[in-house]
Amino acid sequence: MPLSESPTIEVKDLKTYFFTKGGIAKAVDGVSFSVGRGKVLGLVGESGSGKTVTGFSILGLVDEPGRIVGGEILYRGENLVSASPDRMRELRGVNISMIFQDPMMTLNPVLRIDTQMIEAVLAHESISKDDARQRARDVLGQVGIASPDERLRSYPHQFSGGMRQRVAIAIALLNKPDLIVADEPTTALDVTIQGQILYEVQKLCSQTGTALIWITHDLSVVAGLADDICVMYAGRIVEQGSVNSVLDKPMHPYTNGLISSVPSRNKRGVPLAQIPGMAPSLLKLPKGCSFGPRCAQFSDACDSIPDISNYENGRQIRCHNPLDKGTILRVMD
Amino acid sequence: MALNNEKESIVTVNNVSKRFIKSLDLAGKIAQRFGADIREEVVHAVDRVSLNIQDGEVVGLVGESGCGKSTLGRVVAGVHEPSEGNVLFRGKAIENLTGKDAKEAALKIQMIFQDPMSSLNPRLRVQDIIGEAPVVHGVVDSGNITDYVEEIMLRVGLDPSYARRYPHQFSGGQRQRIGIARALAVQPDFLVCDESVAALDVSIQAQVLNLFMRLREELNLTYLFISHDLGVVEHLSDRVVIMYLGRVVEVAPTEILFSDPNHPYTQALLAEVPRLETRQRKFAPVKGEIPSPIDPPTGCHFHPRCPKAFARCHQETPALKEIESNRFSACHLND
């Protein structure tokens with residue numbers, strides 16, 4: 001990623017491992033990226049690629065048997081990996097928010113929306129309850145909920161799925177965070193509702209300068225929303241760069257396979273391009289490049305784990321045999 | 001192409017409605033007796049839908065949650081009985097069939113569900129999941145079942161040496177293949193696929209979609225392919241049916257529907273579909289939510305969200321009319 005003025009969040013060589021009975025699962029293994037003010041990063045991967053664990057690591061939400069074993073997460077220069085639980089508590093919900101796939105993970109089903117929203121404000125700020133209510137009302141209006149005054153007095157079950165997700169997003173916005181980590185927030189929603197939410201999110205980032213990490217398996221959503229994109233496979237980022245460069249000219253065979261298998265990219269009625277096999281278990285990763293056994297470009301070199309190669313315009317690829325060999329700028333050790 | 005009318009229609013849905021009624025409990029009945037203003041809640045899941053599916057055709061059924069697409073699929077598959085109207089299989093009303101004919105029709109229409117974990121019995125081995133129905137219905141005799149299961153497993157791309165495993169020992173994509181194998185085992189002509197690839201990762205989804213297309217060629221199957229994913233439907237279908245709140249709003253051959261949608265809802269839906277080609281776009285969403293099917297809007301169901309609605313749309317329900325040959329749309333703007 002090109003160095004601009006200091007990024008809101010910078011993740012450096014993050015390693016989050018899960019120490020299970022069956023062995024060590026390296027869910028996140030050496031992930032690095034950064035997101036600047038008002039920018040949107042799309043973190044793309046299939047199930048089990050480590051994208052959600054990356055998001056949880058930033059928020060300090062990784063539970064036993066998982067642990068961050070290495071790397072740094074720099075939020076405005078402050079390393080969150082070594083931050084105390086109290087400090088994380090201060091930051092979470094004020095400076096860094098998270099939106100989960102299932103809004104019922106955010107919302108308490110037995111409390112009214114106003115109780116939950118006012119609590120979230122008062123936990124971090126000493127203002128009057130009326131001011132907090134006022135703020136909650138404004139934010140609900142901002143995410144497109146009609147008659148917010150009335151809706152504040154509702155319980156979560158009285159909302160539809162799309163409305164609930166908007167309430168969850170409103171709670172994430174309450175304290176005007178600098179960084180939002182959104183984990184598949186529109187995956188369960190219908191297309192028209194997804195459109196509404198993407199619209200609100202996009203508006204927010206451009207207006208308030210909030211940095212956004214959008215975690216998803218859906219390349220098409222990222223295409224329309226993000227500035228930069230990181231593609232994860234089996235715990236590592238295999239390709240990153242600007243949305244245009246990665247989607248127009250994928251260099252990693254996995255990214256290429258993902259893009260080619262999107263139905264709209266294929267001629268109607270003709271078999272879809274497909275990646276053979278399936279994602280490996282993190283406990284039984286193949287030797288060398290973890291994509292090797294599914295890769296058409298496989299060669300003897302792939303028996304060793306590929307390093308990150310840097311290309312023009314901040315492109316980074318982890319592959320011995322990239323598809324479109326650009327000029328390698330320098331190989332990181 | 002499978003669209004021409006000379007081909008025999010395999011399934012005809014004739015003016016089918018499906019209502020779900022939430023009846024009053026005892027307290028409700030007593031309250032009603034004393035004059036409280038409460039009634040039974042009626043959900044109009046499917047509202048007078050007619051549809052004709054030709055032999056060998058793939059019909060995509062698209063709509064957002066709550067539009068009744070799954071209910072319609074289940075009525076076609078015989079899981080639900082229609083409240084009104086009927087379903088014809090090869091020209092004969094299924095409800096009037098008896099004995100052998102009824103069984104035949106039930107076997108010839110099979111269904112594949114979204115979540116194989118909830119449609120496959122977790123306590124049965126794969127060989128029993130696939131092999132049980134064909135033995136019971138006499139498709140194969142029990143002596144040959146091992147070979148038969150092996151053949152079906154190979155057909156859907158499963159390793160027959162896994163026949164003694166349980167569903168939880170498989171990955172999501174493989175489980176979906178088991179669901180497909182189970183449906184194929186009774187040698188159906190018609191498959192209702194309800195969001196059959198929605199839960200799968202992109203690379204696995206492509207594999208399963210390719211399997212669907214290969215099976216169609218090999219076994220001359222007809223599909224009713226229900227999905228909310230327009231990209232998947234566009235790739236697979238010959239013809240697309242768009243539903244909104246229990247009603248069909250547009251039916252057209254796939255190319256035409258995607259290049260020149262007629263109904264304002266179809267247009268809005270297509271505009272919202274994220275595509276790889278559209279970068280950093282400005283999202284301009286359709287206003288509002290899908291109304292509740294318990295209390296649907298009057299007239300055209302889409303009018304509260306429709307940018308082109310006018311006075312007539314509030315009062316009069318638009319009929320599904322043929323606007324060109326093979327193209328149907330239910331919108332007053334076409335008059």
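Predicted model: local features only at pLDDT ≥ 70, side-chain atom pairs only at ≥ 80, totals over all residues.
**A walk from one serine to a whole interface**

If you set aside the neighbours within four places in sequence, B:Ser9 is in contact with B:Asn52, B:Ile53, B:Gln54, B:Asp55 and B:Arg90.

Where does B:Ser9 sit? You'll find B:Ser9 in strand β1 of chain B, a strand that covers residues 9-22. Strand β1(B) and β2(B) run antiparallel and are joined by 10 bridges. One spot to look for is B:Ile21, which stands opposite B:Val42 in β2(B).

As a bit of background, strands of a sheet pair through backbone hydrogen bonds, either parallel or antiparallel.

Leaving aside neighbours within four places in sequence, B:Lys92 is in contact with B:Val87 and B:Leu97. How far apart in space are B:Lys92 and B:Thr12, C-alpha to C-alpha? They're 80 residues apart in sequence, and 9.1 Å apart in space.

Most residues other than glycine have a negative phi, and most peptide bonds are trans. B:Asn15 has a positive phi of about 50°, although it is not a glycine, and B:Asn15 is placed in strand β1 of chain B. Over in chain A, the peptide bond from A:Glu64 to A:Pro65 is cis, with omega near 0°. A:Pro65 lies in the loop between α1 (51-59) and β4 (66-75) of chain A.

Finally, let's see how the two chains meet. The contact takes 50 residues from chain A and 44 residues from chain B. About 3800 Å² is buried between chain A and chain B, and carbon and sulfur atoms give 53% of that area. Which three residues supply more than any other three of the area that chain A buries against chain B? They are A:Val191, A:Thr192 and A:Arg268, which supply 19% of it.

A:Arg268 turns up again in a salt bridge with B:Glu255, where the closest N and O atoms are 3.2 Å apart. One salt bridge is found across the interface of chain A and chain B, along with 10 residue pairs in polar contact. On the side of chain A that touches chain B, the elements giving two or more residues are α6 (161-173), α7 (191-208), α8 (219-225), α9 (243-248) and α10 (253-260) of chain A. The largest share of that side, nine residues, comes from α7(A). Sorted by class, the side of chain A that touches chain B has 23 nonpolar, 18 polar and nine charged residues.

Conventions: Residues numbered from 1 in each chain as written. Chains lettered and ligands numbered in written order. Heavy atoms only, no water. Pairing = 2+ DSSP bridges. Helix = DSSP H or I, 4+ residues; strand = E, 2+ residues; numbered from the N terminus. Contact = heavy atoms within 4.5 Å. Buried area = accessible area lost by both parts, 1.4 Å probe. Salt bridge = Lys/Arg side-chain N within 4 Å of Asp/Glu carboxyl O. Polar contact = N/O pair within 3.5 Å; in protein donor to acceptor, adjacent residues only side chain to side chain. Nonpolar A, V, L, I, M, F, W, Y, C, P; charged D, E, K, R; others polar.
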